[in-house]
Amino acid sequence: MDAACRVHPTVLRPRGVPRDERWADGRAVIRLHVGEPAFRPPRAVHEAVTDALRRGRTTYGPAEGIPELREALAAKLLRRNGHDARADLVFVTPGSSQGLAALFQTVADPGDEVLLPALHWPVHLQQVLLAGLRPVFYPLDDHFRPDLRALADLGAAAPARCWSTPRRTRVGRSAGRSTCVPCSTSPGGGPGR
């Protein structure tokens, strides 16, 4: 119960706000505060879901994900990203929040510090706190990338992990590989845990 008491409730879902709200100049307001897509699923997804319903695939699957999906993801990781991951090491979650919660609880020890961007999805802070980790916030530049000078000033803290908001989320973007390297090494110069 102690962990739950450290986390403040989020205010991501204001009630009674119309979806078609407009700015004073008539432009549509683009909502960035919830993870609901602003588009319908592609036709192929609709057909696959309908087919699964017809075939009775409506029960819980394996906790780590459906084997065929895990195999397809492992193949994609090799083909598009150059990561040779075995399918048995691929873990599928129902959403990024569940995946990040599992990640924060497995890659760091309670009390470790984790770098979070100053502008972050509030659920990430909640996940860090629930895992017993200590958030250290870093500023972003005008393009929502980590401010490298400010990150260097945080160097004394030597956090165990660094989180950068992924490029395809609604807020911010990820830093390139060279930007993240300083966050992924330990104070002794070797790879982070």
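Which residues make up the largest nonpolar core?

**View 1. The largest nonpolar core of the predicted model comprises 8 residues.** Its members are Leu 100, Phe 104, Ala 108, Val 114, Leu 116, Val 128, Ala 131 and Leu 133. At least two residues of this core come from each of two elements, helix α4 (96–107) and strand β1 (113–117).

**View 2. Gln 127 lies in helix α5, which spans residues 122–130.** Its relative accessible area is 7%, and Gln 127 therefore counts as buried, the limit being under 20%. Leaving aside residues up to four places away in sequence, Gln 127 touches Ser 97, Gln 98, Leu 100, Ala 101 and Phe 104. Among these contacts, Leu 100 and Phe 104 also belong to the largest nonpolar core.

**View 3. Val 45, Val 49 and Leu 53 make a nonpolar surface patch of about 260 Å².** Leu 53 is part of helix α2 (residues 43–54). Because its relative accessibility is 54%, and exposed means over 50%, Leu 53 is classed as exposed.

**View 4. Confidence in the protein is highest in helix α3 and lowest in helix α7.** Helix α3 (residues 67–81) has a mean pLDDT of 95, whereas helix α7 (residues 177–180) has a mean of 42. For the protein, the mean is 74, and 65% of residues reach 70 or more.

**View 5. Residues 165–193 have pLDDT under 50 throughout.** For this stretch the model has 48 contacts beyond four places in sequence. Where pLDDT is low, predicted coordinates should not be read in detail.

Key:
Residues numbered from 1 in each chain as written. Predicted model: local features only at pLDDT ≥ 70, side-chain atom pairs only at ≥ 80, totals over all residues. Heavy atoms only, no water. Helix = DSSP H or I, 4+ residues; strand = E, 2+ residues; numbered from the N terminus. Buried < 20%, exposed > 50% of the residue type's maximum accessible area, 1.4 Å probe, protein only. Contact = heavy atoms within 4.5 Å. Patch = residues over 30% accessible without salt bridge, like charges linked within 9 Å, V, L, I, M, F, W, Y side chains within 5 Å. Areas by Shrake-Rupley, 256 points an atom, 1.4 Å probe, with all protein chains shown as cover. Salt bridge = Lys/Arg side-chain N within 4 Å of Asp/Glu carboxyl O. Core = buried A, V, L, I, M, F, W, Y, C linked by side-chain atoms within 4.5 Å. pLDDT = per-residue confidence, 0-100.
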